[in-house]
Amino acid sequence: MVGEKLMDRSPLKWIPLPRLARKKRPVALSPGSLIHLGQKRAESQEVTLIAYDESSVEIEKLRELPEKHHYSIPEKVTWFHVTGLHEVEKLSVLGEEFGISNLVLEDILSTGSRPKIEKRDTEIFVVSKLIVIEPGQNTVDVQHLAVLLLPDNVLVTFLEAPSPAFDPVIERIRSGSGGRIRRFGADYLAWALLDAMVDNYLYVIDRLDEAVASMDDRLQLDATDVDTGELYELKRDAGQLYRAIRPIREITGSLNRLDSPLLEERTRPFFTDLNDHGLQVLETTEDLRESVSALRDFYLAAVSNRMNEVMKVLTCFATIFLPLTFIAGIYGMNFEHMPELGVPWAYPAVWGVFALCAAGMLWFFRRKKWL
């Protein structure tokens, strides 16, 4: 289940829909079987190296698969950012070079897998969904994100396709000489990336909240002017967002409680703050779902009330004409001997009775506030 202008309240377009990005996994495969389950989102796999310390930074797009011992220097933070998950053989070679188990690689390649966090002796592995509004557009990009924190200040991230979500973090690294991000280790970088992910969640939520507020205004003005398809789109967007964000509580909570030598004591407060943001995101998303459900109930009630008003008016008019039809039916009978047929004033008298009956019933209905 995100454009630059928050005041643009048109419905969001989710591309790709997570349920369409999944492929069926073959039955009875052995654990750790490497199969890409998802869409091909990039032309080719790219690896970007970002290595830095407090005094220097190096950013390079690697033409060949990296060798860990060649680039990794414990005194520096080394970040390998991999985009493109469809080239299974390259990822397998990369896994062997960095000591990544096939079970972890299997989760990286399965783009429909549930977000989670796993801790091992020599690594912390996080799988989540990155949700970003395309800049200048009204479309939501949902990607499979994997973050792997390794010893010696090494961080490896995996994305299905290039995304602007982490550009602010890269810019902080590039221009932040003397800043906290350049002085801290890879665990702080992992926090910064996950924090950027959560910030994008908040932006998507704000965008959807604008659409819900706009729909609420329209319903208050005239519920019949709203199409049911628009309410369904809002309900679908809120549902997709909730399903993607729901596991964030488990991830941020586990990171906050995690006891690992890969996490320095000085970064603990930042993971506590991340956990608070994660809970805020989840609670806000739940509130959005309830708001959309309330809008739908209000719409159905308004439409039902409108129909009741129409039926009430029609029923009143049908009731008014009932005695008139009865009188007309009597004098429409073809009997030869009817007393009033020979009276000159009989015809206008019948019309007078019609008028009195109709006026009397209208007065009665208005007094009872039925009309």
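## A bend in helix α9

Where does α9 bend, and which proline follows within four residues? The bend, of about 25°, sits at Leu322, and Pro323 is the proline that follows. Do keep in mind as you look around that this is a predicted model.

Helix α9 covers residues 268-331. With 64 residues, α9 reaches 95 Å from its first C-alpha to its last, which is close to the 94 Å expected at 1.5 Å a residue.

## How α7 lies against α9

Helix α7, residues 228-245, packs on α9 at an angle of about 160°, and the two axes are 9 Å apart. Angles over 145 degrees count as roughly antiparallel, so α7 is roughly antiparallel to α9. The crossing of α7 past α9 is left-handed.

On the α7 side, the contact includes Leu231, Leu234, Ala238, Leu241 and Ile245. Their partners in α9 include Val281, Leu282, Val292, Leu295 and Tyr299. By class, the residues of this contact are 11 nonpolar, two polar and four charged.

## How α6 lies against α7

Let's turn to the other neighbour. Helix α6, residues 186-221, packs with α7 at an angle of about 155°, with axes 11 Å apart. That angle makes α6 roughly antiparallel to α7, and α6 passes α7 in a left-handed crossing.

From α6, the contact draws on Tyr201, Val204, Ile205, Leu208, Ala211, Val212, Met215 and Arg218. From α7, the residues taking part include Glu230, Leu231, Asp237 and Ala244. Here the division is 13 nonpolar, no polar and three charged.

Leu231 of α7 is worth a look: this residue is listed in the contact with α9 and also in the contact with α6.

Terms used. Residues are numbered from 1 along each chain as its sequence is written. This is a predicted model: local features need pLDDT of at least 70, side-chain atom pairs count only at pLDDT 80 or more; totals for chains, interfaces and linings use all residues. Side-chain values use heavy atoms; hydrogens and water are left out. Axes are lines fitted to C-alpha atoms, for helices over the stretch in contact, and angles run from 0 to 180 degrees between N-to-C directions. Helices (H or I, at least four residues) and strands (E, at least two) are DSSP runs, numbered from the N terminus. Angles under 35 degrees count as roughly parallel, over 145 as roughly antiparallel, 65 to 115 as roughly perpendicular and the rest as oblique. A crossing is left-handed if the near helix is turned anticlockwise from the far one by less than a right angle, and right-handed if clockwise. Contact means heavy atoms within 4.5 Å. Ala, Val, Leu, Ile, Met, Phe, Trp, Tyr, Cys and Pro count as nonpolar, Asp, Glu, Lys and Arg as charged, and the others, Gly among them, as polar. The expected span of a helix is 1.5 Å times one less than its number of residues. The bend at a residue is the angle between axes fitted to the seven residues ending there and the seven starting there.
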